[in-house]
Amino acid sequence: MFNEKPIISNQHGALVMAFVPFLYGIFESHFIVQHISFGLSWLFLYFFSYPFLAIFNRKNNAKYKKWAIIYAVISLLFAIPVFFYKIAILQFSLFILPLGLIQIYYAKKKDERNLINDIAGILTFGIIGMASYYLVTEQYQWWILLHPTLFFITTTLYVKSVARERKNPLYLKLSLFSHLLCVGLYLLFNQYAIAFAYFIALLRAIIVPKKQLNIKQVGMLEFGVVFIFLLALLSC
């Protein structure tokens with residue numbers, strides 16, 4: 001079964017986005033050993049999503065089904081200690097499942113790059129962050145969902161403006177407007193560190209579309225921008 005190459009998404013930026021809210025939830029509460037199991041379960045659930053969604057838009061999907069099952073089983077095994085520690089963590093699946101249905105819908109339409117589908121994934125990441133915080137505190141902190149979600153929506157608009165939608169001026173306008181709006185909002189609420197992170201992101205949203213960068217170069221630059229944003233979150 002494991003002699004063949006595993007099916008793993010090559011969207012490394014999305015993997016980073018998936019774990020920023022999770023880490024944010026830990027830092028806003030505090031680390032406990034169950035976070036290790038939770039993080040590994042979330043990692044393999046993330047791996048599961050790619051072959052699982054591929055089942056709905058590919059004809060020869062036996063290999064995708066097999067790896068979806070493998071990742072799902074591994075994710076469940078890592079989740080068991082978390083369930084024993086706090087079974088109430090399962091309540092967050094009630095929010096994640098409808099978002100999963102949205103992603104299945106767009107997978108069937110072979111329109112995975114649709115902005116609504118992207119937002120569904122980003123919201124899922126934020127909900128996992130809330131669950132990471134709840135695991136320790138048994139409390140809900142909506143800013144753990146709000147801050148990363150807003151940032152990654154603006155990031156998605158930017159990435160579209162320099163990648164698949166680079167010939168569509170609407171996405172560049174939406175990218176610049178969303179960044180500028182968030183800078184203003186966070187300044188208004190005295191969240192200066194996050195406003196600064198958005199300002200840095202705004203500069204790259206202005207400059208990079210004018211450069212002839214390839215996707216790999218854009219992605220490498222994005223790691224730095226996300227790191228600045230994570231530091232801003234931790235300083236608030």
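Predicted model: local features only at pLDDT ≥ 70, side-chain atom pairs only at ≥ 80, totals over all residues.
Trainee: Why is Ser-37 called buried?

Mentor: Buried means under 20% relative accessible area, and Ser-37 has 17% relative accessibility, so Ser-37 counts as buried. Its place is in helix H2, which runs over residues 34-54, and, leaving aside residues up to four places away in sequence, Ser-37 touches Phe-78, Pro-81 and Val-82.

Trainee: What makes Trp-67 and Tyr-71 a tilted pair?

Mentor: A search of the whole structure gives 22 aromatic pairs. In the pair of Trp-67 and Tyr-71 the ring centres lie 5.5 Å apart and the planes stand at 45°. Ring centres must lie within 6.5 Å to pair, and planes under 30 degrees apart would be stacked and those over 60 edge-to-face, so this pair is tilted.

Trainee: How do you know that about one helical turn separates Trp-67 and Tyr-71, and are they buried or exposed?

Mentor: Both belong to helix H3, residues 62-85, and because they are four residues apart there, about one helical turn separates them. Against the cut-off of under 20%, Trp-67 counts as buried because its relative accessibility is 2%, and Tyr-71 is buried because its relative accessible area is 4%. Trp-67 and Tyr-71 also belong to one aromatic cluster, together with Phe-44, Tyr-46, Phe-47 and Phe-78.

Trainee: Why is the pair of Phe-92 and Tyr-140 called tilted, and what parts does it tie together?

Mentor: The ring centres of Phe-92 and Tyr-140 are 6.1 Å apart and their planes stand at 50°, so the pair is tilted. Phe-92 lies in the loop between H3 and helix H4 (93-108), and Tyr-140 lies in the loop between helix H5 (115-137) and helix H6 (143-162), so the pair ties together parts that are 48 residues apart in sequence. Phe-92 is buried, because its relative accessible area is 4%, whereas Tyr-140, with 40%, is partly exposed.

Trainee: What makes the contact of Glu-138 and Lys-86 a salt bridge?

Mentor: Side chains of opposite charge can pair when their charged atoms come close. For a salt bridge the side-chain nitrogen must be within 4 Å of a carboxyl oxygen, and the N to O distance for Glu-138 and Lys-86 is 3.4 Å. This pair links distant parts of the chain, with Glu-138 in the loop between H5 and H6 and Lys-86 in the loop between H3 and H4, 52 residues apart. Lys-86 counts as buried because its relative accessibility is 10%.

Trainee: How many salt bridges does a search of the whole structure find, and what joins Lys-160 and Asp-118?

Mentor: The search finds three salt bridges. In one of them the side chains of Lys-160 and Asp-118 meet at 3.1 Å, N to O. Lys-160 lies in helix H6 and Asp-118 in helix H5, so the pair ties together parts 42 residues apart in sequence. Lys-160, at 10% relative accessibility, counts as buried.

Trainee: What does Glu-222 form with Arg-204, and over which ring does the charged end of Arg-204 sit?

Mentor: Glu-222 and Arg-204 form a salt bridge whose closest N and O atoms are 2.5 Å apart. Glu-222 is in helix H9 (residues 215-235) and Arg-204 in helix H8 (residues 192-207), 18 residues apart. Glu-222 is buried because its relative accessible area is 10%, and Arg-204 counts as buried at 5% relative accessibility. The charged end of Arg-204 also sits over the ring of Tyr-158, 3.8 Å from its centre.

Notes. Residues numbered from 1 in each chain as written. Heavy atoms only, no water. Helix = DSSP H or I, 4+ residues; strand = E, 2+ residues; numbered from the N terminus. Buried < 20%, exposed > 50% of the residue type's maximum accessible area, 1.4 Å probe, protein only. Contact = heavy atoms within 4.5 Å. Phe/Tyr/Trp six-rings, centres within 6.5 Å; stacked < 30°, edge-to-face > 60°. Lys NZ or Arg CZ within 6 Å of the ring centre and 35° of its normal.
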